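Please look over the sequence and the structure below. The paragraphs that follow go through some of its charged residues and one of its helices.

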Amino acid sequence: MKRGGFVCSFHLSTAAMSAWAKHDRKTEAWLPLYRHMADSGAVAGRLWDDWVPGSVKRLISHALPEGESDGRILVTWLAASHDLGKATPVFAMQVPELADRMEDAGLPMPSSITPVDRRSAPHSLASHVLLRKWLTEKYGWAPAVADAFAVVPGGHHGVPPSSNDLIHLDDRGRLLGKADAWLKVHDELADFAADSSCARDRLPHWATTPLSPPAQALVTGIVILADWIASNHELFPYGEDDDLASRTERGLDALALPGPWRALAPPPADELFSRRFDLPDGATARPVQLAAYDVAATVSKPGLIIVEAPMGEGKTEAALAAAEVLAHRTGAGGCFIALPTMATSDAMFTRALAWTQRLPRIDGDETLSVYLAHSKSRFNEEFRGLMDSVVQEVGVDECSESCSGTSTHVAVAHQWLFGRKKGVLADVVIGTIDQILFGALKTRHLALRHLAMANKVVIIDEVHAVDTYMSVYLDRVIEWLGAYRIPTIVLSATLPSDRRRHLVESYDRGSRPEPPASPVRQKAKWRKEVPISSGDSPYDVLDGDIGYPVITASTGATPMVRAVPPSGRRVEVRIEPTADDDAALVDILRRDTAHGGCVAIIRNTVGRAQQTKELLEQYFPGEVTLIHSRFLAVDRSRIEADLRSTFGRDAKTRPGRHFVVGTQVLEQSLDVDFDLMVTDLAPIDLLLQRMGRLHRHNRPPGDRPPLLRTPRCLITGVEDWSAQPILAVDASQYVYGSSALLRSVTVLGTHLRRDEMIALPEDIAPLVQSAYSDALQSPPGWEDTWAQAEREADERRNKQLERAADFLLASPPRQRGGSILGWINRGAGDVDDSGRGRAQVRDTDDGIEVVVVQRVDGELRALSWLDEHGGRRLDSGTGIPPHLARAVATCTVRLPPRLTSPWMIDRVIDELETNGIAAWQDSPWLGGELVLVIDAQGHADIAGHTLEYDRELGLLLHNEPEGAAK
């Protein structure tokens, strides 16, 4: 067989050659079906040879008699067969002139085909029916086995058919062509696909070897990708007469799709960390990093690894090093890094690019394709740099003598791997956790997303930020990752034991069909796996406090638990209950910053943060910065950059005194360091995460003001600390619920009453496990309030679980011979990482996003403070220049949740749509965006409410109820 192509040495009848696959209505050019079949098969073969990583090849080929050689034949055959359904009257009659040509060649057409007929017989469904018929009638395959192969062509348009779809089309055979001439062409084209892919001789051997459902999904993804590439008329033009081999080779060479990452054998741990990361002079890898490397290298069955370690311990570097080890062990072809927010994804993008440029590569295999996967990626300047020049050098790793046999390399953003569905197929993907959660959402082209995950090592960072609703999707994704045997690394500051256990159980449930036998429990001991007494379940070893820092790994049997010795980084934080009172807060800050200091004040809602900013500005003018999610994208980016440069690890000078007021953004998105913290009461794991910003970076004690050399965390946001029970303010209860806050106060116990210190990291795991334990008891006198809070928490949790199940993908089928027929029936449609997609996998109201412009003296203008475009006139009657459109598109903000409530949202959208500018709809930056017009003073009236945008405060909704400002 020719590399990447077909053996096409036989002849087709005139009737078979008359069937068409593609038609250009502008030029009337068309492409014969047999050519598109050959193109698609050839592309699939090249993808298998040059792009599909070894891990995916092994999974697809596992049950095939001849292993990977059978796997290659299989994907080329099914890719070539994917459009068999176009050789039917229902498809052909869409272009009457071409249908007439086919009829002249001897293929009779029905008198009429209705739109209802076309909807009931899409060509992908017809392809399934025709291929199954060919396999069962000509080769005697059992229908169930035939379905396991035919479902790949049947699902190549993104939705595998259901059994009812097949039955319905079987009853309407006239749409597929009942005449002998049609039946002959069906057989002829099916023979063409089988012969030219060399599949015919293999069919008898596959007749008793149905593809597993995971393999079906992955092959479907490859076929979708091959079809999309083969449908690119620039690569595969219409109307050519040259031979098929030359045509396909030329098109594939022009595509130049980067190959997968092929990880080399990693060097010893210390050497790897010094080569890949910017360690300070004389620094060595930390214990958790060495342990993660060692677990990845030695665990008996690479699967799920959970790393729990304190903030600032280098978990990211540990995960990247482990990913390199696992990629080498398993043949994975890339890395998928998922984070909780766009801000954390952008920050990781920079770090991941630096990592990729230091990875050694095999000679001649010099590039890694990279992709930033979230809805605002086009505004990331580094990623824009890759996109603007198609292949953009990011950095060259000068090889030392020890790199012999490897070459320098670059990272690229390949032009064909742009887009919301194709981008995640790049070698290295950095994006929000939504991109992973979409893998458990019944949505169109899900097979392509599964292929994007299955060819990589998956890293999920800050998983403690996943709430109950999202955890339903995460657990199901983890189950499918297990079914694909995908090495997966989960990072967290700490996890409640039930969440740790659910993650490992989910992965194991996917990776093996039967439950483990003869459970053996295991005791945590650093760098050793030690079995202890047996129990009811092998997962009992994960319950409770298992040590900290700690690494857990699935093994296919009893999970491995490895306690990690501390790094020596230790912070003792004194926590102090503080009245939720403006005057008290100002007095404390005046006293404690008398000699200077950098202070973080974290509020649980935007409204409380804005109020605090206004309060402090009265007493500390010019010394207060506010950060939250309701700033314009361009302003938030500026503020975050300023915070990193001022309070980050590499900050050269810190202000003598400054106050940073923020929301949860400070908790998870920024690597910053403060001398003192004030925070609203929050769930215990989030409180500890916030405390991780106190004295975070190693600085000489003398660098901190004398009154702030002991880390202190002042906890506020409580109605009355002397009350029984102690209750958080309404705004915090609205965000987190009463139960989590009551539990947080309870486990803090003596630390609050006696100003006792909390030691980080030692106290992290005990506090978190205690707070989330079913055994935690109500303090005396709190029983009624506690019971009511628990009932409300259960109701809230059950409602979240119920809502999450609406479009949840089913678990991987366990039975041999199953198929993905009906895989995404009653799904969520065609969603992506925009608001609609996020709303499916997150139980949150992100609000409506709007583009903000100003009306000044009757004219629309860009916001006055934009750099080079500030105040530019925006002509609503003509198009908008791309550079100006891009600048305006950075001025997006989400409206407050009150304006998107069910009783308000329709009115708000109707009013915003009156601001729509028809001339902007063709702009890739502004088309389809809702526009909010503010006046010169920053005000706008909408749906009976007054909005104001202030550069220091963000978007304000006047008279907004405090609890609604989430």
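**Charges and a helix**

Glutamate 28 sits in the loop between strand E1 (20-23) and strand E2 (30-32); helices (H or I, at least four residues) and strands (E, at least two) are DSSP runs, numbered from the N terminus. The model is predicted: local features need pLDDT of at least 70 and side-chain atom pairs pLDDT 80 or more, while totals for chains, interfaces and linings use all residues. Residues are numbered from 1 along each chain as its sequence is written, and side-chain values use heavy atoms, without hydrogens and water.

With 45% relative accessibility, glutamate 28 counts as partly exposed (buried is under 20% relative accessible area, exposed over 50%, partly exposed in between, with a 1.4 Å probe and protein chains only).

The whole structure holds 49 salt bridges (a side-chain nitrogen of Lys or Arg within 4 Å of a carboxyl oxygen of Asp or Glu). One of them joins aspartate 191 and lysine 138, at 2.9 Å from N to O. Aspartate 191 belongs to helix H11 (residues 180-196) and lysine 138 to helix H8 (residues 123-139), so the pair ties together parts that are 53 residues apart in sequence. Aspartate 191 is buried, at 15% relative accessible area, whereas lysine 138 is partly exposed, at 40%.

Arginine 907 and glutamate 911 form another salt bridge, with their closest N and O atoms 3.2 Å apart. Both lie in helix H35 (residues 905-913), four residues apart, about one turn of the helix.

Helix H17 (residues 315-330) has 16 residues. Of these, 14 are buried, so H17 is largely enclosed by the rest of the structure. Glycine 331, with a positive phi near 80°, follows H17.

Terms used
The expected span of a helix is 1.5 Å times one less than its number of residues.
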